[in-house]
Amino acid sequence: ALSCGMDVRRVGTGVAALRDHNQSLVLRHILLHRGMSRTEIATRIGLTDAAVSRITRDLIAGGFVREGREAPAEPGQRGRRHVQLEPDGAGAGFLAVSLTMSDRRVSLVDLSGRRRAEASLPSTLHRDHDALMAEVAGLARRLLDQARFPRRRLLGVGVTTAGAVDQASGRVSASSLTMLQGRDVGGDLGALLGAPVIVETVGNAFGLAEAHRAARQGGAAMPGPSLLVHGAFGLGVSVMLDGVPVRTGGDERLASHLPVAGARHRCVCGATGCLMTEAAGYGVLRRLDGTTAEGSRQGWDDMRPEALRAAIAASRGGDPAAAAAMAAAGRALGRHLFALAGD
């Protein structure tokens, strides 16, 4: 299997480790920069043309990469043949698992970025961690079978949740799904599926996706620091530096609980006037439901993903009440972005 996330600085520099590392570098460049030639890749990553040719030959034989059209060499380029390389969509793929209050599903994505299959988890989740992992693994296997996707072509699994992940241990240290807190989601799910699993926060996953998109479109990483704000029932904030998430291990949802002057609605945390009561789905649904500031607070278990999706659809469809609630949330978020940046 390809060790796409391996760091040779940690596992040593044996011949096999270096080979896997170099193979991962080449494949990553082909995924990010479709149409590159072997010579262009060699120049970018500092390997010889011969080494990159050997690696791409193995990737093509393994079904991960295929050759595209032959492009004429530009003035000053080395070599004569400049055959463009691109990922083979039928060659391999990944499973993407979302475990949040508003999005709970499993997707099968191939190397070309195409979503081959997708299914949602039941609206009522197991409160037991082991039972939830078994349900996710069962759904993943059914997707692979339905898509007729060979298990040996599964490179890995990516799991996202809203909260915090301890990168040293791989455990979920905080999550809106309480059954995940303190658990080794990657290890437990990996044992069930027989595949490597990476667990990330939603914000870091969005940030990596943005960096990937920027590289695909412009050929360059996102320069300097970036603040990524994402919202569903609550709000999350992540920081990127040169296209790489700054992983502090902190809870990305803390932004939801910034105090807002003049806000009077009760938050899911029990406090009054948190930002999520004004600028997130939690506040949008309370406005649409007509809940007064003095009304009882809702807990995470009371959140209704289908209600939030319906409110978003209604707003897009021109429903006045839904559009007004969304606009009010947007204005509140805009007014407090500076506070988020300095938090």
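1. Let's start with helix α10, whose buried residues pack against β4 (104-110), α9 (281-289) and α11 (320-335). Keep in mind as you look that this is a predicted model.

2. Which residues of α10 are buried? They are Pro 305, Ala 307, Leu 308 and Ala 311. These residues cover an arc of only 170° around the axis, so they sit on the same side of α10.

3. Just after α10, have a look at Gly 318, which takes a positive phi of about 95°.

4. Now turn to another pair of helices. Helix α3 (residues 38-45) packs with helix α4 (residues 49-61) at an angle of about 120°, and their axes are 9 Å apart. That angle makes α3 oblique to α4. The crossing of α3 past α4 is right-handed. On the α3 side, the contact is made by Arg 38, Thr 39, Ile 41, Ala 42 and Ile 45; on the α4 side, by Asp 49, Val 52, Ser 53, Thr 56 and Ile 60.

5. Finally, find Arg 148 in the loop between α5 (129-146) and β6 (154-161). Its phi is near 55°, a positive value in a residue other than glycine. Is Arg 148 buried or exposed? Its relative accessibility is 77%, so Arg 148 counts as exposed, the cut-off for exposed being over 50%.

Methods. Residues are numbered from 1 along each chain as its sequence is written. This is a predicted model: local features need pLDDT of at least 70, side-chain atom pairs count only at pLDDT 80 or more; totals for chains, interfaces and linings use all residues. Side-chain values use heavy atoms; hydrogens and water are left out. Buried means under 20% relative accessible area, exposed over 50%, partly exposed in between (1.4 Å probe, protein chains only). Helices (H or I, at least four residues) and strands (E, at least two) are DSSP runs, numbered from the N terminus. The arc is that of the directions from the helix axis to the C-beta atoms. Contact means heavy atoms within 4.5 Å. Axes are lines fitted to C-alpha atoms, for helices over the stretch in contact, and angles run from 0 to 180 degrees between N-to-C directions. Angles under 35 degrees count as roughly parallel, over 145 as roughly antiparallel, 65 to 115 as roughly perpendicular and the rest as oblique. A crossing is left-handed if the near helix is turned anticlockwise from the far one by less than a right angle, and right-handed if clockwise.
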